[in-house]
Amino acid sequence: MNTGNDIPKEFMITETIDQKTYLVNGELKTWNGNTTDVYSTISSTPDYKHTHLGSVPDMGEPEALDALDAALKAYDQGQGVWPTMKVKDRIACMEQFVAKMEEKREIIVKLLMWEIGKSLADSGKEFDRTVEYIYDTIEEYKDLDRNSAKFQKHQGVYAHIRRGPLGVVLCLGPYNYPLNETFALLIPAIIMGNTTIFKPAKHGVLLITPLLEAFQSCFPKGVVNILFGRGRAVAAPIMKTGKVDVLALIGNSKSANALQDQHPKSNRLRLVLGLEAKNPAIILPDADLDLTVSEVIAGTTSFNGQRCTALKIVYVHEDIKDEFLKRFSTQIDALKFGNPWEEGVKLTPLPEPGKPTYIQELLDDAQAKGASVQNEKGGQQSDNYIWPAVVYPVNKEMRVYQEEQFGPIVPVVSFTDIAQPLDDMAESNYGQQVSLFGKDVYTLSPLIDTLANLVCRVNLNSSCQRGPDVYPFTGRKDSAQATLSVHDALRSFSIRTFVAFKDNDLNNETIEQLLDAKVSNFLSTDYIL
Ligand code: G3H
């Protein structure tokens, strides 16, 4: 594990970022109040100690309500500059923003590594994937708009149907994808004409600061408002006013439920939520073990299992259980642990200082209830890590079965009757994805048919994942509300709204004049190229 002098020069922390401004109503306001220090669990010195990265404002209710006020004014009951702007002009603002964002790749990638411990390769991927998401969103919106640039006529009534904004969106992202997941909410929300208040996650907060100026200069005032602080202190007072139209949150269902409950007008509030999951791998007796082991390794250990789509429980058929456990355990122990910039690194420091202790508790509980650790290194702790433990046999009494571990521990259950994993999934509070490993089509077919009704993505001989981002990302039960994909997100942050008129001379003439005058941004058949 390298520290101090071993850190490549370009990745060293040479100065701290002390964020003194926040974005409200188009102004980068200076913050003179309390601040919260930001530390990395990665050490910069040979003697292990957290690295001080900087600080962010610790805001409260008054600033939160100012931001809400700015978003409400910018929406201006649907009359604001942004919600009434021509689609092509909104797209131009977004193009300007993404160009400015691309200039910040280096610093954002560096901060992703230090703040959340994501490997250099994955941090780069997170940045590039987000930029691509924005460009794809722009193209998709053009397409959506082109498809709306027309009139329909049924039963003597003409209609000009478009998608309109919903209002004020409160946007909260998670620490594991502080850029990508957050922007996968924020960008479609903005482009559809909503006005927004955005609070970065607890970890991965400094990496948003290089973008404040771009948000300020590319969008009209009040369209994007950025706050810092704890969710309880800033999100709760905003929700209590009942003036938020959409809660967009990727995180856990407890915080989502608590925030929804604070909103006094439940029918006004729309929800776009990506929540927790306990995606299973189901390994059938005829599975190709080489492929299966490598996919289950990727599914359970990518970013140390800190992904909502991670494989969080493995069901393996009794007939191949021993061979699977042997190969899987050996390969887990062969993974390379190190700092994010190290060549070939697969396991990296955990950003939450308390995570190793939590994982150890799950392990102790499972061991006390009859499971044992299958791999030699499983559970070994270092300053900021705990080695992924392959735990078998796991049963329903164990916390590691019940909880979304979101970290390095792999519970394994063996089965002889396929009804067992299916019943467990039906009983579970979650329903995001599953990975199914096997070859025989007559066994796979009925399983696929059932699994598709229990979750929202059945991955065949492949680990679970969100991407490619053009595919629908959603879940059943406590795993999600609404659907996100480049296309679906535009729908989730908007509503169909239209102008209708009966077919008669007066109306037809009026509409012709309206179109010729080109003064309505809504009623327009202009075609964006
Ligand atoms: O945390 C959940 C993310 O949506 C997972 O995305 O499958 O691309 O890692 P991913």
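This tour goes through aromatic contacts, salt bridges and a charged surface patch in a predicted model.

**Aromatic pairs**

Across the whole structure, a search turns up 15 aromatic pairs. Start by selecting Tyr22 and Trp31. Their ring centres are 6.1 Å apart and their planes stand at 80°, so this pair is edge-to-face. Both Tyr22 and Trp31 are buried.

Next, select Trp114 and Trp341. Here the centres are separated by 5.1 Å and the planes by 40°, a tilted pair. Which parts of the chain does this pair link? Trp114 belongs to helix α4 (residues 105-116), while Trp341 sits in the loop between α11 (318-333) and α12 (355-368); the two are 227 residues apart. Trp114 has a relative accessibility of 1% and therefore counts as buried. Trp341 is buried too, at 8%.

Then select Trp82, Phe97, Phe183, Phe215 and Phe219 together; these residues make up one aromatic cluster.

**Salt bridges**

The model contains 28 salt bridges. Select Asp245 and Arg268, whose side chains form one with an N to O distance of 2.8 Å. Asp245 is in the loop between α8 (231-240) and β11 (246-250), and Arg268 is in the loop between α9 (253-262) and β12 (270-274), so the bridge ties together parts 23 residues apart in sequence. Is Asp245 buried or exposed? Its relative accessibility is 12%, so Asp245 counts as buried. Arg268, at 32%, counts as partly exposed.

Move to helix α11 and select Glu323 and Arg327. The closest N and O atoms of this salt bridge are 3.0 Å apart. The two residues are about one helical turn apart because four residues separate them in the helix. Glu323 is partly exposed at 31% relative accessibility, and Arg327 is partly exposed at 27%.

Now select Lys518 and Asp526, where the side chains meet in a salt bridge of 2.9 Å, N to O. Lys518 counts as exposed, with 52% relative accessibility, whereas Asp526 is partly exposed, with a relative accessible area of 32%.

To see a network, select Arg129, Glu181, Arg466 and Asp469. Salt bridges with shared partners join these four residues into one network.

**A charged patch**

Finally, show the surface and select Asp505, Glu509, Glu512 and Asp516. Together they form a patch of negative charge there. Glu512 is part of helix α17, which spans residues 505-517. How does Glu512 count, buried or exposed? With a relative accessibility of 53%, Glu512 counts as exposed, since the cut-off for exposed is over 50%.

Key
Residues numbered from 1 in each chain as written. Predicted model: local features only at pLDDT ≥ 70, side-chain atom pairs only at ≥ 80, totals over all residues. Heavy atoms only, no water. Patch = residues over 30% accessible without salt bridge, like charges linked within 9 Å, V, L, I, M, F, W, Y side chains within 5 Å. Areas by Shrake-Rupley, 256 points an atom, 1.4 Å probe, with all protein chains shown as cover. Lys, Arg positive; Asp, Glu negative; His and termini not counted. Charge placed at Lys NZ, Arg CZ, Asp CG, Glu CD. Buried < 20%, exposed > 50% of the residue type's maximum accessible area, 1.4 Å probe, protein only. Phe/Tyr/Trp six-rings, centres within 6.5 Å; stacked < 30°, edge-to-face > 60°.
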